[in-house]
Amino acid sequence: MITKRPRRNRYNEVIRSMVQETALELNDFIFPLFIIEGQNQKVEVGSMPGINRYSVDTLLDEVASCVDLGIKAFAPFPSIPENLKDKYAKESANPEGLFPRAIREIKKNFPDVVLMTDVAMDPYSSDGHDGIVINGEIVNDETLEVLGNMALTQAQAGADIVGPSDMMDGRVGHIRRVLDENGFHKVGIMSYTAKYASAFYGPFRDALDSAPKMGDKKTYQMNPANSREALIEAALDTEEGADYLMVKPALAYLDIIKLLRDNSHLPIAAYNVSGEYAMVKAAGLKGWIDGEKAMLESLLSIKRAGADIILSYFAKDFAKYLQK
Ligand code: PBG
């Protein structure tokens with residue numbers, strides 16, 4: 001005789017929803033946006049069906065349509081023309097550059113949205129690296145100065161949260177100091193705490209044309225084999241003043257999300273990266289999987305693992321799904 005029957009709690013839709021432990025909400029999401037120079041531009045990223053690169057004018061229309069759907073937080077990324085890139089990413093501190101202009105325009109037209117801006121050299125670097133390259137080495141401490149100036153430029157343009165994504169040592173503390181010294185104590189820091197050297201960033205680097213010109217990012221981004229190291233990074237970021245800890249990518253690193261959730265009181269974010277989006281989209285478009293169901297299941301797994309905040313290219317698809 002079987003008396004213990006877990007299936008009772010799955011018996012019908014109402015019961016299933018009563019015992020459901022995790023649910024996604026639109027408030028959980030930050031939607032990444034790609035920005036390009038020019039006017040009236042909307043160019044699809046080949047490896048990310050449904051995701052476009054926008055010039056500032058069309059970007060405002062895109063933000064408007066997202067806001068109508070209930071999306072309130074965005075993570076914009078600029079695609080910098082090749083002729084403005086150099087070894088020191090100087091363009092990243094130009095207040096009239098593409099990125100600060102775009103930030104100002106978004107905040108002017110949509111004062112209530114939250115903008116989290118990426119702080120890393122790669123979109124501006126002629127080497128395609130997140131740090132200054134000297135004799136083939138990505139140097140740390142010299143890079144911090146660039147990152148501090150970049151974060152300050154973004155804060156002055158209206159960023160609410162800055163997201164250092166470069167994995168240099170000491171960057172969170174340095175950026176916190178620079179922001180505070182300049183009166184930006186209200187600007188938060190979402191640290192890319194455990195960012196792994198991953199193959200899943202490929203489509204993003206297509207979108208921004210930001211792939212490393214030589215070598216790889218293994219001397220700064222983390223080895224996918226390691227989890228204890230994520231705790232070292234989390235402890236340092238916390239001590240240095242991070243307001244949020246992020247794990248990236250998300251789906252191949254759900255255990256790391258859970259690990260940080262269980263070991264920190266800070267909000268945990270997870271970045272469902274470009275390659276993760278591309279895989280689900282491509283298979284869905286081919287009819288090999290049900291793309292919408294696979295999207296919902298992947299996003300739910302990130303939340304279940306312990307993420308409070310999900311950065312995802314699926315945010316708009318998810319918002320549309322909720323309206324159905
Ligand atoms: C820049 C940066 C990258 C991503 C976010 N910020 C690329 C990289 O580190 O090479 C990847 C995001 C994605 O793949 O969606 N440092």
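Modeller: A polar contact is a pair of N or O atoms within 3.5 Å; within protein, one must be able to donate a hydrogen and the other to accept it, and residues adjacent in sequence count only if both atoms are side-chain atoms. This is a predicted model, in which local features need pLDDT of at least 70 and side-chain atom pairs count only at pLDDT 80 or more, while totals for chains, interfaces and linings use all residues. Residues are numbered from 1 along each chain as its sequence is written, and side-chain values use heavy atoms, with hydrogens and water left out.

Colleague: At what distance does the side chain of Arg-171 reach the backbone oxygen of Tyr-192?

Modeller: Arg-171 lies in helix α5, residues 171-181. Helices (H or I, at least four residues) and strands (E, at least two) are DSSP runs, numbered from the N terminus. The Arg-171 side chain also reaches the backbone oxygen of Pro-164, at 3.0 Å. For the backbone oxygen of Tyr-192, the distance is 2.7 Å.

Colleague: Is Arg-171 buried or exposed?

Modeller: Buried means under 20% relative accessible area, exposed over 50%, partly exposed in between (1.4 Å probe, protein chains only). Arg-171 has contacts (heavy atoms within 4.5 Å) beyond four places in sequence with residues including Leu-144, Leu-147, Asp-237 and Glu-240. Its relative accessibility is 2%, so Arg-171 counts as buried.

Colleague: Which residue does the side chain of Ser-312 join through a polar contact of 2.8 Å?

Modeller: Ser-312 sits in strand β12, residues 309-312. With a relative accessible area of 0%, Ser-312 is buried. Its contacts beyond four places in sequence include Phe-29, Pro-32 and Leu-299. The side-chain partner at 2.8 Å is Asn-272.

Colleague: How are helices α8 and α10 oriented to each other?

Modeller: Two packed helices are described by the angle between their axes and the distance between the axes. Axes are lines fitted to C-alpha atoms, for helices over the stretch in contact, and angles run from 0 to 180 degrees between N-to-C directions. Helix α8 (residues 254-263) and helix α10 (residues 291-305) pack at about 30°, with axes 8 Å apart. Angles under 35 degrees count as roughly parallel, over 145 as roughly antiparallel, 65 to 115 as roughly perpendicular and the rest as oblique, so α8 and α10 are roughly parallel.

Colleague: Which residue's side chain makes a polar contact of 3.0 Å with the side chain of Lys-303?

Modeller: Lys-303 is part of helix α10. Lys-303 is buried, at 18% relative accessible area. Away from its sequence neighbours, Lys-303 touches Thr-22, Leu-24 and Ile-310, among others. The polar partner at 3.0 Å is Asp-28.

Colleague: How far apart in space are the C-alpha atoms of Ala-194 and Ile-232?

Modeller: Ala-194 is in strand β9, residues 188-195. Its relative accessibility is 0%, so Ala-194 counts as buried. Met-222, Met-246 and Ile-256 are among the residues Ala-194 touches. Ala-194 and Ile-232 lie 38 residues apart in sequence, and their C-alpha separation is 9.4 Å.
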